[in-house]
Amino acid sequence: MKHDEKKAEGNVSTVTQFILLGFSDLSNLQGFLFGVFLIIYMIIIIGNSLIIILTRLDPALQKPMYFFLSNFSFLEICYVSVILPRMLVNIWTHDRRISLLECATQMCFFLMLGATECFLLAVMAYDRYVAICNPLHYPLVMNEKVCVRLAVGSWITGMPIQIGETAQIFSLHFCDFNQINHFFCDIPPVIKLACGNTSMNEIIVYVLAIVVVSAPFMLILTSYSKIISTILKLPTASGRAKAFSTCSSHLVVVVLFFGSATITYFSPKSKHSAGTDKLFSLFYTIVTPMFNPMIYSLRNRDVIAALKKLLFKK
């Protein structure tokens, strides 16, 4: 990004608030958008809450795989709650102002929860690797103590990194123009508002993104390369199908999340517009969490059986 045209001297003001433009260009569809996003938010809350309840109540789901799944479902509720409620208020009230502190807080929680999702997906891939490649050692390796440590580690590992990243972004000077062309305080549109040269800040963002996104993704790829190799060596087709079915849901979620996030943060900025950025951000921040409960429930016999027991319990 070239911000040299923005003169730091004289153009810097004490910016105390931003304007989240969101989807304000679709002025005739504000009521429709509010209804759609409200329904999506309710689906996410209900769907993920149901998975948490099932994994807590059903004895058949007292396994490491479902322990991590309940953590993932709770994470998804937190993740979308950082963005969607604010977006709904903005659309309903037509007041798109957000203070500097509120913007920084939203960005910080979004980044921390996004990092947690990356690490937790890597942990879930490791769980499937141990279950399929070392089934005899699975109960010993993935005992309760290890599972709790892995889950806690996923939640807290990215926190100091993302707090530091948010602090360095909001230590920048912001110009008079305070309109964020996005529906939440994400890094690229906020940096665009900064005065002067932000090249070093962008380099830091890319380096941290590589650490937080690429490292877990490489662990996932390594796990699945070994999983696929092991599955292909199984003697029967039914055995291969059964083994693959235990990790197919997770694989779909990984592709959806990392695919859309990679396009948003790692593709060259000249390749797409602000509208495209918003579309892909909408996909991995809202659409994917909505489909996750459906993906895990519809493709998992244990979850379906537990759901039937809960719904048809006399």
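**Core and overall form of a predicted chain**

Student: Which residues have the most contacts inside the largest nonpolar core?

Tutor: They are F18, F37, M87, L121, F170, F174 and V190, in a core of 83 residues. A nonpolar core here is a set of buried Ala, Val, Leu, Ile, Met, Phe, Trp, Tyr and Cys residues joined through side-chain atoms within 4.5 Å; buried means under 20% relative accessible area (1.4 Å probe, protein chains only).

Student: Which helix gives the largest share of this core?

Tutor: Helix α5, residues 100–133, supplies 17 residues. Helices are DSSP runs of H or I with at least four residues, strands are E runs of at least two, and both are numbered from the N terminus.

Student: What is the model's origin, and how are residues numbered?

Tutor: The model is predicted: local features need pLDDT of at least 70 and side-chain atom pairs pLDDT 80 or more, while totals for chains, interfaces and linings use all residues. Residues are numbered from 1 along each chain as its sequence is written, and side-chain values use heavy atoms, without hydrogens and water.

Student: Back to M87: what is it in contact with?

Tutor: Neighbours within four places in sequence aside, M87 touches F23, F37, F183 and I286, contact being heavy atoms within 4.5 Å.

Student: How many helices and strands does the chain have?

Tutor: There are 13 helices and three strands. The radius of gyration is 21 Å, close to the 20 Å from the globule rule for 314 residues, so the chain is as compact as a globular protein of that length. That radius is taken over C-alpha atoms, and the rule is 2.2 Å times the number of residues to the power 0.38.

Student: What percentage of the residues is buried?

Tutor: Buried residues make up 48% of the 314.

Definitions and conventions: Buried means under 20% relative accessible area, exposed over 50%, partly exposed in between (1.4 Å probe, protein chains only).
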